Amino acid sequence: MQAIVVERLGEPEELRIAERPTPRPGPGEIRVEVGAAGVNFMDTGARRLGPAVGQVPFIPGVEGAGRVSALGEGVTEFAIGDRVAWVYAYGSYAEALVLPAASAVPVPDGISDEVAASVMMQGITAHHFTTEAAPVNPGQLTLVHAAAGGAGTRPALACTPVFPAQSSKVSR
């Protein structure tokens, strides 16, 4: 399979397309044929400073969406062909990756791989900020400071249904 690989830490020029063996899932894991990979600020940091786990070389990318193509022993929650998305599983910049089945979520038919891959990290962050860290309630005026980039705009968008009149005043 082909993958984008970081063999040396540095700038984008260090990204290389390389052939790698197609991974095989172990117990409790699934292999997914990647339909779309999310590209996040975290990925640029890993490319420049190294991945959170492991050493170079590595395949970057921690979120994506695609179809299950193989099941490891004991996996019952997914079937081959199921559409899934994930976050925090290194290797998304490849044609296929293996991840724990518990780290995948089903993707409904009406949602494209591109949308599913782009909302996992940012969507979870926005949900946490607007429901747990600082719960947003109807009638409450909420300022999303630095509503830029994916992690900033998603909380602003999450507030839109709560404040339909004020949301029209939000500028990006």
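A search of the whole structure finds one aromatic pair, where rings of Phe, Tyr and Trp (its six-membered ring) are taken to pair if their centres lie within 6.5 Å, with planes under 30 degrees apart counted as stacked, over 60 as edge-to-face and the rest as tilted. The partners are Phe58 and Tyr90, in an edge-to-face arrangement with 6.2 Å from centre to centre and 90° between the planes. Distant parts of the chain are linked by this pair: Phe58 belongs to the loop between helix H1 (41–49) and strand S4 (63–71), Tyr90 to the loop between strand S5 (83–87) and strand S6 (96–100), and the two are 32 residues apart. Phe58 counts as buried at 8% relative accessibility, whereas Tyr90 is partly exposed, with a relative accessible area of 25%. In these terms, buried means under 20% relative accessible area, exposed over 50%, and partly exposed in between (1.4 Å probe, protein chains only).

The model is predicted; local features need pLDDT of at least 70 and side-chain atom pairs count only at pLDDT 80 or more, while totals for chains, interfaces and linings use all residues. Residues are numbered from 1 along each chain as its sequence is written, and side-chain values use heavy atoms, with hydrogens and water left out.

The secondary structure of the protein comprises four helices and seven strands, helices (H or I, at least four residues) and strands (E, at least two) being DSSP runs numbered from the N terminus. The order of the elements from the N terminus on is β-β-β-α-β-β-β-β-α-α-α. Of the 172 residues in the protein, 38% are buried.

The peptide bond from Val56 to Pro57 is cis, with omega near -5°, and Pro57 is placed in the loop between H1 and S4. Tyr88, located in the loop between S5 and S6, is not a glycine but has a positive phi of about 65°. Most residues other than glycine have a negative phi, and most peptide bonds are trans. Tyr88 counts as exposed, at 58% relative accessibility.

Five salt bridges are found in a search of the whole structure, a salt bridge being a side-chain nitrogen of Lys or Arg within 4 Å of a carboxyl oxygen of Asp or Glu. One of them joins the side chains of Arg20 and Glu7 (3.8 Å, N to O). This pair links distant parts of the chain, with Arg20 in the loop between strand S2 (15–19) and strand S3 (29–37) and Glu7 in the loop between S1 and S2, 13 residues apart. Arg20 is partly exposed, with a relative accessible area of 27%, and Glu7 is partly exposed with a value of 45%.

Another salt bridge brings together the side chains of Glu14 and Arg8 (2.9 Å, N to O). Here Glu14 counts as buried at 14% relative accessibility, whereas Arg8 is exposed, with a relative accessible area of 55%. In the salt bridge between Glu33 and Arg31, the closest N and O atoms are 3.8 Å apart. Glu33 is partly exposed, with a relative accessible area of 34%, but Arg31 counts as buried at 16%.

Arg8 also figures in a spacing across the sequence: its C-alpha atom and that of Leu49 are separated by 9.9 Å, with the two residues 41 apart along the chain. Leu49 is placed in helix H1 and counts as exposed, at 69% relative accessibility.

A nonpolar patch on the surface is formed by Ile4, Leu15 and Ile17, with about 250 Å² of accessible area together. Patches are made of residues with over 30% relative accessible area and no salt bridge, like charges being joined within 9 Å and nonpolar side chains (Val, Leu, Ile, Met, Phe, Trp, Tyr) within 5 Å. Accessible areas come from the Shrake-Rupley method with a 1.4 Å probe, and for residues only the protein chains shown count as cover. Ile4, found in strand S1 (residues 2–6), is partly exposed, with a relative accessible area of 31%.

Helix H2 (residues 113–133) has 21 residues, which at 1.5 Å a residue should span 30 Å; the end C-alpha atoms are 29 Å apart, in agreement. The expected span is 1.5 Å times one less than the number of residues in the helix. H2 bends by about 50° at Met120, the bend at a residue being the angle between axes fitted to the seven residues ending there and the seven starting there. Met120 is also one of the buried residues of H2, which include Asp113, Ala116, Ala117 and Met121.
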